Amino acid sequence: MSTSSADEASVVAIRPEVVFLYELLDQLTRGQLRIPRFQRPFVWRLEQMTDLLDSVYNQYPIGSLLIWETDERVATLPSLGPLIFPSVAVGSVGYLLDGHQRLATLAGALVARDHQISVEDESETLRWNMSWNMETRRFQHGLADSQPTTLFPLTSLLDTLRFFDSVAGFRAALEGKPELINRYTDEVSRLARSFQSYRVPVIRIRQTGLSEAVEIFARLNSRGQAMTADQMVSA
């Protein structure tokens, strides 16, 4: 017995792929990837954020992202962490259903500041400004400008010109210390390669309406911290 076209259309289309991290961040800055309003607010602790960065540096898996692609109009959040979305997207739009905390952390840490809103609250400034401590070889919160001989700005890792400018900055600050200069230069070069080559598994779903997309998200979310009904307000 043949399946009707209506039945075929009701089957959710799933497309798994693996995407470079910098490509996902580029989609965010272009407004091609957005956060629906039924997502919970950012709740991660500071150490969870640095742990995620450490996983990327070590090429550990950080889990897949679930993106809903639809022609429907969906209410979305105006920003992701300190990153403000453009009012009009360049190209088609996908909606992130699972991975908000992870992607917010990566965007806040890595996207250049000319794509970000200014954060006036001191605690929020600490949260979203992250650096690589070249001395301890660990990620930490704080502005790199405050310790130019020790901290390297993560916003320079995915931008070639910014990377060379930041390397030149700490090399000048460490003038007269060639051993440190060479060691730090080698380390931040490895750091940049890790982030530039990192790829994230992405599952894209299509051919489903908003209620079914929310149901998929709710089932995924049930594996972690529970959400309230208010947080699942329809977009």
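## Phe170 and Tyr184

Phe170 and Tyr184 are both buried (under 20% relative accessible area with a 1.4 Å probe, protein chains only). This picture comes from a predicted model, where local features need pLDDT of at least 70, side-chain atom pairs count only at pLDDT 80 or more, and totals for chains, interfaces and linings use all residues. Residues are numbered from 1 along each chain as its sequence is written, and side-chain values use heavy atoms, leaving out hydrogens and water.

## Aromatic pairs

The structure holds 11 aromatic pairs (rings of Phe, Tyr and Trp, the last by its six-membered ring, with centres within 6.5 Å; planes under 30 degrees apart are stacked, over 60 edge-to-face, the rest tilted). Take Phe152 and Phe163: their ring centres are 5.7 Å apart with planes at 65°, so this pair is edge-to-face. Phe152 lies in strand 9 and Phe163 in helix 6 (residues 160-173), 11 residues apart (helices are DSSP runs of H or I with at least four residues, strands runs of E with at least two, numbered from the N terminus). Both Phe152 and Phe163 are buried.

Now back to Phe170 and Tyr184: with centres 6.3 Å apart and planes at 70°, the pair is edge-to-face, so the rings meet that cut-off. Phe170 belongs to helix 6 and Tyr184 to helix 7 (residues 178-197), 14 residues apart.

Definitions and conventions
Buried means under 20% relative accessible area, exposed over 50%, partly exposed in between (1.4 Å probe, protein chains only).
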